[in-house]
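Take a walk through this structure, one contact at a time.

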Amino acid sequence: MTENQLYFEVLQLNSFQANITFVLAPNDDIPESERGTISKIRDSIGNVVASIDRAPLSLNALILQHASGDPKEIFFRIAKHYFHNALLKVYSIVGASEALGNPVLLISNLGTGVFDFFHLPAKGLISSPKDFATGLTKGTKSLLTNCVGGVCNTFSSLTSTLGKGVATLSFDKDYIKERRHRNLDRPSNAADGLISGAKGAGEGLYKGITGVVSSPILGARHEGVKGFAKGVGRGVIGVAAKPAAGLLEFASMATKGLQSSIGDLACTKKRRRLPRYIGPRKLLTAFDAEKALGQFLVERLILSGELS
């Protein structure tokens, strides 16, 4: 072996599994005056379509026996393996798009429910009649929980996506931002979902009606006659778009609450730690508990209106 050659009797890299959630947040750093109408529409469509919810990504393990070569060659073989694996899993990522209602999760839930409904009673029947009854009960519960939960998730994903799209048509940055923050917290039960949904629907109706007057005034204050004309247009569009977005938010939050109440086995797990702090440079760094806590407290202060 030369100095730059590597040799592995057995090179084993374990399999990799993860659930990917991705939401493309709008760029609020660009001033409103510098963004054209086409740019706003393009960004709005991208924000809606690009949302991915819990896409399952599973990459197979890699085992190389008597592998030899220079570091670049070894790295290329590893990269090629995982690249080809990732290509085969693209369908699962695309299928988890909220714009499509996350059909991958729906099929997974339905499959789990049907499997448990037949498998658990059959497994219990081998042991005793008592175990058969227990298996039948568990299987039926799994079937109902996964089927209803899967359908609720698909419906809430579709209504949430439609709601985002309709809300962006109002071109009201403040309303869109408030709505986005309001939807960060998932309702814990059906009652919580109804309350959150009703709040969103009421907010949409109120903002839509008052926007007819407030939008032209704010526009005139910032850009004069041109701003007034823009405000009139936003007010007219908003009086239809914001109440419609509110109704879709109500439907989405209500079904999410119902999903939580019936079990939502795969989706109601509590966070084990606070969201990672991402600094101004948008770099992914090691998790820092103190910075994460600081970010959480600042966001709560902003949402409560105590900090602007």
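E223 is partly exposed, with a relative accessible area of 40%. Here buried means under 20% relative accessible area, exposed over 50%, and partly exposed in between, with a 1.4 Å probe and protein chains only. The side chain of E223 meets that of K230 in a salt bridge, at 3.5 Å from N to O. A salt bridge is a side-chain nitrogen of Lys or Arg within 4 Å of a carboxyl oxygen of Asp or Glu. K230 is partly exposed too, at 36% relative accessibility.

This is a predicted model: local features need pLDDT of at least 70, side-chain atom pairs count only at pLDDT 80 or more, and totals for chains, interfaces and linings use all residues. Residues are numbered from 1 along each chain as its sequence is written, and side-chain values use heavy atoms, with hydrogens and water left out.

How many salt bridges does a search of the whole structure find? It finds three. Another one pairs E249 with R179, whose closest N and O atoms are 3.6 Å apart. This pair links distant parts of the chain: E249 sits in helix α7 and R179 in helix α6, 70 residues apart. Helices are DSSP runs (H or I, at least four residues), numbered from the N terminus. Are these two partners buried or exposed? E249 is buried, at 1% relative accessibility. R179 is buried as well, at 7%.

K207 and E178 also join their side chains in a salt bridge, at 3.7 Å from N to O. K207 is partly exposed, at 23%. E178 is partly exposed, at 33%.

A pocket is an open set of points on a 1 Å grid where a 1.4 Å probe fits, with protein on both sides within 12 Å along at least five of seven lines; lining residues have an atom within 4 Å of a point. Of its 22 lining residues, D172, K173, D174, L218 and R234 are the closest to the centre. Helix α7 gives the most to the lining, with 14 residues. The lining divides into two nonpolar, 10 polar and 10 charged residues.

Last comes the surface. L205, found in helix α7, is partly exposed at 46%.

Conventions
Helices (H or I, at least four residues) and strands (E, at least two) are DSSP runs, numbered from the N terminus. Ala, Val, Leu, Ile, Met, Phe, Trp, Tyr, Cys and Pro count as nonpolar, Asp, Glu, Lys and Arg as charged, and the others, Gly among them, as polar.
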